[in-house]
Amino acid sequence: MLVKSSEKAQAIDLVNTNKSDALVTSSKDSANNLWKNKIVAREEQVKVLTDWAQRGALSQALAKAEQSESTIRNLYMGLEKLAQQLNTQAANSQPQPMQQQKIKVQIASLQGIANKKGSGLDTQLKITDPNRAITKQLNANIDLLSARPHEENIQLVMGRSAKSLSLKLPAYQDEKTNLTTIQNAFAPHHINVELNRENRLLFSAQKENASPLLEPWVMSGQGVRVAAGNPISLQLNDLDNPLNELAKIADKNATIAQHREQIQSAQRHLKANLIKIQAQKQQLQSQLEQLDSASSLANTDELLALSLGVKQHMQNPGVNSVAAIMSQANITRNMVQYSLT
């Protein structure tokens, strides 16, 4: 059967059109694949950087915990040496002048260790925690709790924060009710009020609400506690930590028994915080191990996937097989280097 020239031309055009469509489709597929590969590469880079950031943060936190642990151990041993020196004397006796001076020097040295920048401890000899509430105490000379024979109206302005409040304390109102009145007055400012063992008022607030605790207050009003028309400036104080309490006892030249009692109290405080720090260290180490384990597993999976890809290219040789295999080999080499570093 003869084929007309017009039919041949149509057939050629159809073949050329199919080839052109195939080339366009192939070009689009290549562009899509390239785009997808770039996205995958970016995702992998983000994952690697995220892992590094997490590992860095955990390592830094672990280093701080180890520094805190070291400081606490040094303080504990320093107190132990001081206790051993005092154990040779009768409990009801007092240190001799020379010994008292030596005790003061030793305590000051321990305070220096605790207060040194980078010690890892805060003013309360606890591990530094930026999320811990800030606590201050009212001067011991200011009494807002005891019952008084006259009604009192007190106004407080809390530093440059411009926050203020009023306290109305009826005559002969008991200490417990006065405390409740004070707590209710400070509550709207997100400041918590409680009593310590020495019956001193403690004011605490989270960092974002703590600015009123860090500046002087001005107290005015009418009553026995505050003379009318004479404002009083108040400065809240830091809490005394066990070392500061020990220093006060040494200044008073108290008995050996009182020194021992405070030393034991300080050691109990340090030991309790040491247990917390060790628990924190274990948690951080566990998180680091989990991160390393997950990273190793991910690298292993990626290497296996690349190996399978190379194997498929070798089983199906084509024009670009050599280039593909070389490319896969380079990637595999880089992955091995990364996993070993």
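Predicted model: local features only at pLDDT ≥ 70, side-chain atom pairs only at ≥ 80, totals over all residues.
**View 1. Phe186, Phe203 and Trp217 are linked by ring pairs into a cluster.** At 1% relative accessibility, Phe186 falls below that cut-off and so counts as buried. Phe203 is buried as well, with a relative accessible area of 1%. The ring centres of Phe186 and Trp217 lie 5.6 Å apart with the planes at 25°, so this pair is stacked. Since Phe186 belongs to helix α3 and Trp217 to strand β6, the pair ties together parts that are 31 residues apart in sequence. Trp217, like Phe186, is buried.

**View 2. Among the aromatic pairs, which come to a count of 3, here is the one formed by Phe186 and Phe203.** Their ring centres are 5.0 Å apart and the planes meet at 55°, so the pair is tilted. Phe186 sits in helix α3 and Phe203 in strand β5, 17 residues apart, so that distant parts of the chain are linked.

**View 3. Helix α3 (residues 175–186) lies across β4 and β5.** The helix runs at about 160° to β4. Asn192 has Ser204 of β5 as its bridge partner. The open sheet has 4 strands in the order β4-β5-β1-β8, with antiparallel pairing. β4 (192–195) and β8 (237–238) stand at its edges with a single partner strand each, so one side of each has no neighbour in the sheet.

**View 4. Strand β2 (residues 152–158) shows its side chains alternating between two faces.** Follow β2 to its partners and you find antiparallel β3 (residues 163–169), joined to β2 by 7 bridges. Leu156 stands opposite Leu165 in β3. The hairpin of β2 and β3 has 4 residues between the strands, and Gly159 takes a positive phi near 60° there. β2 also pairs with β6 (residues 217–222), in the antiparallel sense and over 6 bridges. Met158 has Trp217 as its bridge partner in β6.

**View 5. Helix α2 (residues 97–115) spans 27 Å from its first C-alpha to its last.** Its buried residues are Gln99, Gln100, Ile103, Ile107, Leu110, Gln111 and Ala114. They cover an arc of only 115° around the axis, which puts them on the same side of α2. On the face turned away from that buried side, you will find the exposed residues Pro97, Met98 and Lys102.

Definitions and conventions:
Residues numbered from 1 in each chain as written. Heavy atoms only, no water. Expected span 1.5 Å × (residues − 1). Buried < 20%, exposed > 50% of the residue type's maximum accessible area, 1.4 Å probe, protein only. Arc of directions from axis to C-beta. Pairing = 2+ DSSP bridges. Contact = heavy atoms within 4.5 Å. Axes fitted to C-alpha atoms, helices over the stretch in contact; angles between N-to-C directions. Phe/Tyr/Trp six-rings, centres within 6.5 Å; stacked < 30°, edge-to-face > 60°.
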